[in-house]
Amino acid sequence: MYGLLPSWFIPGVADWVMHRRTRIEDTSGTKESLIHSLMMTEVGIPIALTLLFEVNPLLLSVQLGATACHEATALWDVRTAVDSERDVKPVEQHIHSFLESLPFAALASLMCLHPDQVRSLLRGGAGDPTAWKFVPRRRPLPGKYLAGIALAVGTFVALPYGEELVRCVRRGIKRRGRQRAEARAERYDRALAG
């Protein structure tokens, strides 16, 4: 609650700083920024479910699936960045390594804290009528903690990456407008020469 989850914020902001420094809006642009949004969704949904519901085979399955999807998307993200003109420096690669390992650490922690649910998952939830249902936490997390996490996610995730996406979309619109104007000018020049 107070270690693993907040530890995502620092490398997340550091990664955003790297994207800004390497002018993502002028290279891989909106495509890479949307991939970042997808990865945040792949991590955010399981985190929200874990904060609100009991750990059971269904929740562990969601966590396993989301971790696998996040890893596949992370590979796509790095390939997109490297294939563009954006210079992905070693420090950014190390930040990515940390961000990629956190879902595995969270999953491993959950599994260590709930070995009975891991055994139930391996048995297909047999004998547990709530194994495949989202069950609200018997002891809900404090409202102040949930509000603090929501505020931190808004401040350290949604705000910077929302800014990045807006910046990329705006630059893409300008670039397409300039390309259309250049194409019109070229057609006009050909028509005059023709």
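Predicted model: local features only at pLDDT ≥ 70, side-chain atom pairs only at ≥ 80, totals over all residues.
1. Residues are numbered from 1 along each chain as its sequence is written, and side-chain values use heavy atoms, with hydrogens and water left out.

2. Back to that pair. Helix α3 covers residues 57-83 and α5 residues 115-122; they pack at about 85°, with axes 9 Å apart. Axes here are lines fitted to C-alpha atoms, for helices over the stretch in contact, and angles run from 0 to 180 degrees between N-to-C directions. The two are therefore roughly perpendicular, the label for 65 to 115 degrees (under 35 is roughly parallel, over 145 roughly antiparallel, the rest oblique). Helices are DSSP runs (H or I, at least four residues), numbered from the N terminus.

3. Now α1, residues 9-21: its 13 residues reach 18 Å from first C-alpha to last, close to the 18 Å expected at 1.5 Å a residue. That expected span is 1.5 Å times one less than the number of residues. Buried residues in α1 include Phe9, Trp16 and Met18, buried being under 20% relative accessible area, exposed over 50% and partly exposed in between (1.4 Å probe, protein chains only). The buried set packs against α2 (29-52), α4 (90-113) and α6 (143-193). Just after α1, Arg23 takes a positive phi of about 50°.

4. As for α2, its 24 residues reach 35 Å, first C-alpha to last, close to the expected 34 Å. Its buried residues, among them Ile35, Met39 and Leu49, pack against α1, α3, α4 and α6.

5. Ala74 is worth a look in α3. At 5% relative accessibility, Ala74 counts as buried. Leaving aside neighbours within four places in sequence, Ala74 is in contact with Met39 and Glu100. Ala74 and Leu38, 36 residues apart in sequence, are 9.7 Å apart C-alpha to C-alpha.

6. Last, the cysteines. Counting a disulfide as a pair of cysteine sulfur atoms within 2.5 Å, the model has 0 disulfides. Cys69 is partly exposed at 41%, while Cys112 is exposed at 63%.

Notes:
Contact = heavy atoms within 4.5 Å.
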